[in-house]
Amino acid sequence: MRGQGPMSEDPMSAAASGPDVTSELLVVENLTVTLPTTRGPVAVVKDVSFTVGRNETVGIVGESGSGKSMTSLAIMGLLPRGALTTGSVRLDGVELLGLGDREMRRIRGAQASMIFQDPLSSLNPYYTVGLQIEEMYRAHLGGSRKEARKVAVEALERVGIPEPERRTGHYPHQFSGGQRQRIMIAMALVCSPGLLIADEPTTALDVTVQAQILRLLADLQRQTRTGMVFITHDLAVISSIATRVLVMCRGEQVEYGTAEQVFSAPEHAYTRRLLESIPRITDDLSADEVVL
Amino acid sequence: MARYLAGRITGLVLILFLVCLFTYLIFFKLSPDPALMICGKTCTPERVTQIRTVLGIDKPFLTQFWDFLSGLFAGRDYGSGTNLVHCPAPCLGYSFQTNQSVWQMVLDRLPVTATLAIGAATLWLLAGITMGLLSAVKEGTWWDRSAMNLALGGASIPNYVLALALQYVLVVKLQILPFPSSVAFTDAPWLWFQSYLMPWIVLATGAACLYARLTRANVIDTLAENFFRTARSKGLAPVLTMRRHALRPALTPIVTIFGMDFAALLGGALITETVFGLNGIGKMAADSIAKNDQPVIMAVTLLAAFFVVVGNVVVDLVYTALDPRVRIR
């Protein structure tokens, strides 16, 4: 509807060398989400299509209310009650839309997991971070408490939390903002899912920490070959990590292509306005490098 | 932790001391002369003076107050010579009406009030939390709206109306229950249960309705929390998701309110005990106020204050154990 056909007909020709974009992990086709409101149903996501390859990062960009988060919640089957979804979401060839609660639960966390914008409120303040990682591991892979604890310690170690053994017994409020997001990442990856959806994971963090978290995500992705959907309103961040970019505005997909295409030759006026709103992307990127 | 506890206990003692002081002051200044009351109609001035001396109320206020306080902790003697009566600690004096030891009266009646409080609390927690939880999960449905309207109504009924209505319907009309009588649990457990059932329901109704609304609001808030969304995104079993990520956070604040309500109830349920003729602390308070029985009023006031103040400290300690974010320095 915006001059963009379904991506399956148009395999990426300008694919980046590293990520395996030809092997499709997640295929979203004509996804439409309608929410019931007091003034009748409102479509918050309209006819969105994109593909994520194994080990690839696809960025979804747009301002608040553009439908980015609704798209990710629709993939996870976590939309608010009464939401209506049409189209197709296939993960590893399995159609997710229309799956029952039980089947969907088996996929959440095990094959697709999510990290969120505010790591403090996204962790349960009443339980230790160790337990919150363990419960996820045990829900999908079983095992004793002791085994799960060992896995939790390893998971914290992998994301660079010092003294992981001791820290599993601590509560979320006892960590810094950056550490909390590291814990969220550790938790999301504890069952080695194929897909990680990161919904503005660095927005609530300050710039230095932001860069560290991005570096961590990139490192982990290299090790685990996880496909990633990275949602943000920050174009600088997207250009540094995504191979393909989807631009959304008011629930509609206004632009979709390789990061190169979108940033150097945006087709849509909205994308151009977005790009103009941040002066000199390249400078920002080199600033990230300096900080690291 | 030790410093915190020491501070809290100091505060507790200070508040109880002030309650003592003001209660004593009110009776010293405002109530009629107990000697005249005890003496009765055929009274001589000599007899009045004698009673005053025995009770120690001929002394100045501060001396009397000191006698009262030291009596609480060390016991005290009334009268002298052959008339000497020793009142062992904790001495709350003797009732002007029955001449019984007030401490003994409290000990006799406390089990009744405690039974009432424990039974009612169990009932209102079960009913209130269940109702609130169901309403929260079914938010906006027909069930939710009717339950919440019912709760509003239930919370608005005065205890004496409910007590009389229940008695009329269950005892007089339907004759399902016997009229409440004071029987020991060990003598007749079934009759004991039947006797306490109505008072429990009366005491629990208002609180259950409030707790239902509170639980509903807290659970709805928690279901909208980011960490609940995280829990769902983790693919946990529904029971685990609800228990750890909805109920625990939603019910923890209710502990605070419950502690206070329960403590207040231990101080006596005046109306309910009176209506059902249960010999608890509340009935004792009502009787003593009606007859201006100062030592008993004093004891009942202190006891209620004691439960509320101690309840407060206990609630704080329990809360620090339940919410890891609250740390005691």
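This is a predicted model: local features need pLDDT of at least 70, side-chain atom pairs count only at pLDDT 80 or more; totals for chains, interfaces and linings use all residues.
Let me begin with the place where the two chains meet. The contact draws on 25 residues from chain A and 20 residues from chain B. On the side of chain A that touches chain B, the elements that give two or more residues are helix H2 (101-107), strand S6 (112-115), helix H3 (119-122) and helix H4 (129-141) of chain A. Of these, H4(A) gives the most, with 4 residues. If you sort the residues on this side of chain A by class, you find 13 nonpolar, 7 polar and 5 charged.

Now to the domains, starting with chain A. The domain assignment gives domain 1 of chain A as two stretches, 7-111 and 197-291, and domain 2 of chain A as 120-192. When these two domains touch, domain 1 of chain A supplies 13 residues to the contact, and domain 2 of chain A supplies 13 residues as well. The side of domain 1 of chain A that faces this contact has 9 nonpolar and 4 polar residues, with no charged residues.

Chain B has its own assignment, with domain 1 at 19-87 and domain 2 at 105-322. The C-alpha centres of these two domains of chain B lie 39 Å apart, and the domains are in contact through 9 residues of domain 1 of chain B and 6 residues of domain 2 of chain B. On the domain 1 side of that contact, helix H1 (2-30) and helix H2 (34-39) of chain B each supply at least two residues, and H1(B) gives the most, with 5 residues. By class, this side of domain 1 of chain B has 7 nonpolar and 2 polar residues, and no charged residues.

In soluble globular proteins, nonpolar side chains tend to be buried together. Here, the largest nonpolar core holds 140 residues, and the members that touch the most other members are A:Ala186 and A:Val190. The element that gives the most to this core is helix H8 (residues 189-223) of chain B, with 14 residues.

Which residues does A:Ala186 touch, if we leave out those up to four places away in sequence? They are A:Ile133, A:Ala155, A:Leu156, A:Arg158 and A:Val159.

Key:
Residues are numbered from 1 along each chain as its sequence is written. Chains are lettered from A and ligands numbered from 1 in the order in which they are written. Two residues are in contact if their C-beta atoms, placed from the backbone, lie within 7 Å. Ala, Val, Leu, Ile, Met, Phe, Trp, Tyr, Cys and Pro count as nonpolar, Asp, Glu, Lys and Arg as charged, and the others, Gly among them, as polar. A nonpolar core is a set of buried Ala, Val, Leu, Ile, Met, Phe, Trp, Tyr and Cys residues joined through C-beta atoms within 7 Å. A residue is buried if 20 or more other C-beta atoms lie within 10 Å of its own, exposed if 12 or fewer, and partly exposed in between; C-beta atoms are placed from the backbone. Domain bounds come from an automatic or database domain assignment.
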